[in-house]
Each structure stands twice: as structure tokens, then as C-alpha cells.
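Visitor: I am new to reading charge pairs in a structure. Please take me through them.

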Amino acid sequence: MSNSRLCLLSLVSILSLLITTTTNLVAAQRQRCRPDQTETLKRFKNEFAFSSSCSDDAYFLRGVTCDNVTGAVTILKLPSGCLRGTLRDNSSLFELSHLRYLNLSFNNFASSSLPSAFGQLHNLEVLLLSSNGFLGQVPSSIRNLTKLTQLKLSHNKLTGDLTSLLQNLTSLVALDVSSNEFYGTIPSFLFTMPSLSYLDLSENHLSGPLEPPFSLPNLQFLMLSHLNITHQIDLRIFSSLKSLSYLDLSGNSLTPTSVDSDIDFTKYLRVLILLECNISEFPRFVRSLKNLEYLYLSHNRIKGNVPDWLWSLPRLTTLYLLNNSFTGFEGSLDHVLANSPVQVLDMSYNSFRGSFPNPPLFIINLSAWNNSFTGEIPLSTCNRTFLNVLDLSYNNFTGLIPPCLGNMNVVNLRKNKLEGNIPDEFHIGASTQTLDVGYNQLTGKLPRSLRNCSLLRFLSVDDNRIKDSFPFWLKALPSLKVLTLRSNRFYGPISPPYGPGPLAFPKLQILEISHNRFTGSLPRNYFENWSATSLKPNDEEKYVGDDTSDEYIYQEKLYMGDYTSDKYIYQDTLDLQYKGLYMEQGKVLTFYSAIDFSGNKLEGEIPESIGLLKALIALNLSSNSFTGHIPLSFANVSELESLDLSKNKLSGEIPQELKRLSYLAYIDVSDNQLTGEIPQGTQIIGQPKSSFEGNLGLCGLPLEESCFTENTPSIEEPDEEEDGGVLKWRAVAIGYGPGVLFGIAIGYVVALYKPEWFIKNYIQNRLLGIGRL
């Protein structure tokens, strides 16, 4: 199963319905527990290693509810991420025989088998064991839990067949065994359980056939995605499920006749997910689904025009058509979409051509990147009051940029043929957070009204024809993290005009100004007070859920520019030059920090204050006119992975202290005036010879020039230190690797949208995916 997953926040609004169904538990008020019960809980806690946040007993016990009459523990919601270790059959947990509700999800019991002692908890009605690292088979003792209404075992490494679960569990309302390694046939008794409302078998090795009739009168949620069903599924077999509101068959092949038929689906169907189902024609039966709210048809082979009747579905709010072969729309471009209730529309990575239609009136997220749309961007986009994300990048739009950019959170118009100035229309309090207009034909200056965008985090105007001085005035923006001015006609000094001093943007992590016409020198304190000195990997964190919910997690953002709402997720992407390679539109890890001044006319010495940027990962000062020595302070840039100082006028020796940079995987100092021995350590001597050539005075590995002259007395035996250097070189050559940017998606890749995965995993700290929404 692919790990390339898209997180679709448009389904957050129904998340509470999908995690668990309503139980008949009436939780007693939290009263004082009996001393023996409290002691048992403490002994259970002490069986494991636990995180510092759980060291406080009060925190650990806050998910405990005891019966207000007997004082026995009846409900235990263990805080997620607390415990680490093996859960054994003799655990104190299984002494809590009055438990009715048990949630251990998101704790690390890796390498533990699922204890058979769970079968001793005869009073259990709810058992939630998701994302615990359990492996092996489900013990047959689970059958003893005849009162069980909810059982969730998802995201473990459980195996075997499912016959060990359920035939005795006739009271089950919700069963989730998704994302495991179960095999064998799908048990037929699962489709004859009258109380079952929620069934998720997704992402296992289960095989078919699926044989009707189904006797599931109360089934509302059915997830059968990415199984091992080799035959085509006939959609008509699900028409008997009269309570069905959510159906996910992604990753299965469907019979063409059923896709093109009029199926009498239940009127309650709200969510239909048919990703990667090998569909070639637009499903005709969708036309009758008048209550449908979410439709996902991405990653199929659907060709031709989008039917005009689709936009008439009265409740359709979210539509994903990504990565198909659509070429156009039926009906008038002025009206066909405009009156639709759709709020989230993604039709990216298709073959749409011609003019762009007027978007729906209530649109929030509009993505159409990587198509062949032409003509001007419709001015009607400025009348869409709720529009937050507009991504029309990688098309062939011409004309001017609409003057309403300040009304949207994210604007991406990259790689079109837009002309003129960037509109100077950003009002005070503008909501713009990301603005990417790179690779167009824009001219003029940067609009000074950008100073009003106090929320701006990402600004990219690279590869245009903008002629302006360095925008020191952007330092007033408190949130700016990425500034890319590459390949324009910027000119003049990049030192502050009010006197020698540090540049010091408050939060800037990436400054890319290469291939312009910047001149002048940099003062010694130029790199003081830069935010890169205090960057932390957990700089951007967010809390999902709360400690009273059934499943919750404290989640750390992985990528920079990660925008979330209850409708969508958008992640900024950036072109980067790193380790001598050019990478197009990669997602950037939150702690990545880079400076690129290459291809300008900067001169003077490299400031010693560069050593203050201890978290800097990539630095490129190549193709300038820097003189003097390589600063010794480089040894303090401890996170540095990529260093390019080539094509300057640097002299003196390469500091031996650079051997201390254990993460340095790429260095290029070619075409300077350097002398002396190349440092024989870390990964430096594992570089290609070309990284040091063009310096007539350099010697030592990896160059062939020896540092010993002919007048040096011959040595019978190799020096221990020299021999050690060779051994180090060999070890380093083996360990030479990609470094921190291994997480960057190279190339403008297509996201594999998996909304059903998001529903089950967004709150489980697994926001994976490559590419973008």
C-alpha cells in the first residue's frame, strides 16, 4: 500500500461520526476511586517507560472514571503517547474487571502480541486499540467479550484471518480493523450483523468475493478500500444497504456496466470515494444522488467533458477530480459552475484547455494546477467572498493578475504567462499568507502595500523581470519565513541602507536572491540576530482534538507552510538548489534553513558572523567576487549539510576546523585562490575532485596532488594519522547520503489523494503525502 497519502480536511466536519458510533454508555460522574483501584492503575503505569508529560499521576489518571456507588474503575482513556513498552498477559490492567470502556490508542506497545487476557474483561463494551504497534494474531479470547459494541484495532501489524473475531460478538455496532495485515477471505458473517453501523476493513490483504444479499439494515459507514479483491466489483450489490451514508471502494476495480448504470442507491448517501478504481467514464448513477455532499473521483482515467448535471446536485460541497483526463465542461462557462453549491473544487492535473469558467459563488478552495487553461484569469474570482485558496499554477494564463490578491490566504499563479505589475492592492489587514507568482513575465517593482500583509509567510517572485532594489522594508513582516527573488533584475546593495548592520528578518528561514544584480559588501555583523540561530524542529505545532475525545493527539507539523482548515490542507512548495542539484517544487521541512546569494556581484570578505547561524542547513555564495579567507567560524554552523563557495576570489587555506561539521555532505570551493591541504576528515575528502579544482595551491585527497614535495624525506611506513584519514575517507564515502532534505518531494509530483485515509489518520499524527492539494 502506498505511503503517498493526501490529507483531505474537507471531511473534518464529519470526523466525529466516523471515528466511533454513539454508544449507550452513560458515564458516571468522576468520583473518588477505591484505593485498591487507584493502586492498580499506578502499578499498571509503572510497568512501562513513560514520557515526561505523563510523569504526573494526576495527568495520567485524568481519563479515569469510577462508578459513583462501587468506586470501581469503569472507564479508562489513557492519554496518547504516554506509555512505551510491552503489554503482557499478567499486566495489572487486567485486574480492572469492571471496565466497560477502554482506550489505549496511540501508545507504543511495539513488538507486543495482543494479550489474550483482554478476554477476561467481560464487562467491556468499548475497546479501542489503534496505533499501538501490536503484532501477531488476534487471540480467540476476544470472543468472550460478548457485550462489546465497539472494537477498533486499526493501524497495527495484526495478522491471521478475521474468523477469530466476531461470530460471538453479535452486539457490535462498530468494527475497525483497517491498516493491518489480515489475510484470507472476507467473512460472510460480517454482512449479516443486524446491529453493525460502522465497518472498516480497508488496507488489508483480504480477498473476496463480496456476495449479496447483505443483511445490514443499520450500516451507515462501509470502507473496503485497498484490499486484495482481484475481481471487478459490481456497484449494484450495495443498493440494498438502505442506511448507507458513507462508501469507500478506493483501489478496487469496478465493473464498467455498473458505473454506467442507474443504481438505486439509498437517499442517505453523503460521501462517495472511488479513487484509483480504473474508471474511464463519468459515473452516471451519481446523477441521482441528491443528498451527496462529498465526491472523490481522483486518480482514474475519466476522459472528455465534466457533465453539466453534476453542478446541479443540490448538496454537493466537495469535489475532487484530480489526475484524470478531463478536457472541458459541458454547458456555458459563464454559468455552468457559478450556481453550484461546491465549496472545495480540485480539478488539477488533467487536460483542461481553453478559457477558465466562472467559479462557484461559495467556493473556498479552487485548485486547477497543471492543466492547459488559456486566456485571462476571470475577474469573477474577485467576487468570490469566501475564496481562501486559489491555485492556478502550471497553466497558460495570460494578461494581468487580478487586483484582489489580498482577500485570499493562498495565491499560487506560478508558471503561467502573466504580464504587468503585481497589483499594489494589499489593504491593511490583508489575509495573504502565501503568494507565489514565480515564472511569469511580470515587470515593475514589488508592491509596497505588501507591508500590510502582517500574516505573510511565503513570498516567491522568482524568474520574472522585476526591477527593484532589495526589499529591506519587508523586515516589518513578523511572520515572513520564505523570501525568493531569484532570477530577476534586482540591483544594489543587500546591506541595510541606514548603516552597516545585520539584516535580521524576524523569522526568515529561507532567503533566495540568486542570479540578480546585487552589489557591495557585507558588514561583519551581517548575520547577527537572524532567526536561523534559534530554529527548532517543533517550531510549528498544533493540537488536534482534546483530552475528552475518544481519540486525540498532540501533533507536530512536518512541513513549512502547512495550512489547515475544516475544508482543506495546502502545503507550500519551493524550487531549491541544494547540494549542487536543482529541485523543483519540493515540500520543505519546518526546520529547513537556507541562504542563496549566488550569481550576483557581491564582494569583500564573508562575514565572521556566519558562524552564528548554527541551524543553517544550506549556504550558497558561489559566482560572486568574495575575497579573503574562509571564516573559521564556519565550524560553528553545526547543522550545515551543503556549502558552495565556488567561483569567487577566496584565498588562504580551507580551515581544518571544517572537519567538525559532521553533517556536511556537499562542499564546493572550486575556482578560487585557495592553498594548503584539504581537511582530511568527515565527508570532505569524499567529495568529487571537481569540488576543489581550480585552486592551484590546494593539495591532498580527493585531489591527486600530494602535499609532500620531492625534497621531503621518504617515509618507510605510512603515518598513523594519514592512514586513519584514508580509512575515514572510505567510511565517509559509504555513508554519503541525502541528509535532511530526504523528506523533500523532488519534482512536481502528483499527490495520491486518499481521503479515506485522512479520516482515519489525521488525528493519528500521520499527515503524509507528497505534492500538494
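Guide: A salt bridge is a side-chain nitrogen of Lys or Arg within 4 Å of a carboxyl oxygen of Asp or Glu. By this rule the count here comes to 16 salt bridges. This is a predicted model, in which local features need pLDDT of at least 70, side-chain atom pairs count only at pLDDT 80 or more, and totals for chains, interfaces and linings use all residues. Residues are numbered from 1 along each chain as its sequence is written, and side-chain values use heavy atoms, leaving out hydrogens and water.

Visitor: Why can such pairs form?

Guide: Side chains of opposite charge can pair when their charged atoms come close. In this structure, Asp462 forms a salt bridge with Arg414, with the closest N and O atoms 2.7 Å apart.

Visitor: Is Asp462 buried or exposed?

Guide: Buried means under 20% relative accessible area, exposed over 50%, and partly exposed in between (1.4 Å probe, protein chains only). Asp462 is buried because its relative accessible area is 0%. Arg414, at 1%, is buried too.

Visitor: Which residues form a network of salt bridges?

Guide: Arg414, Asp436, Asp462, Asp463, Arg486 and Glu512 are linked in one. Within this group, Glu512 pairs with Arg486, the closest N and O atoms being 2.9 Å apart. Glu512 has a relative accessible area of 4% and is buried; Arg486 is buried at 3%.

Visitor: What about the pair of Asp671 and Lys647?

Guide: Their closest N and O atoms are 4.0 Å apart. Asp671 is partly exposed, with a relative accessible area of 38%, and Lys647 counts as partly exposed at 45%.
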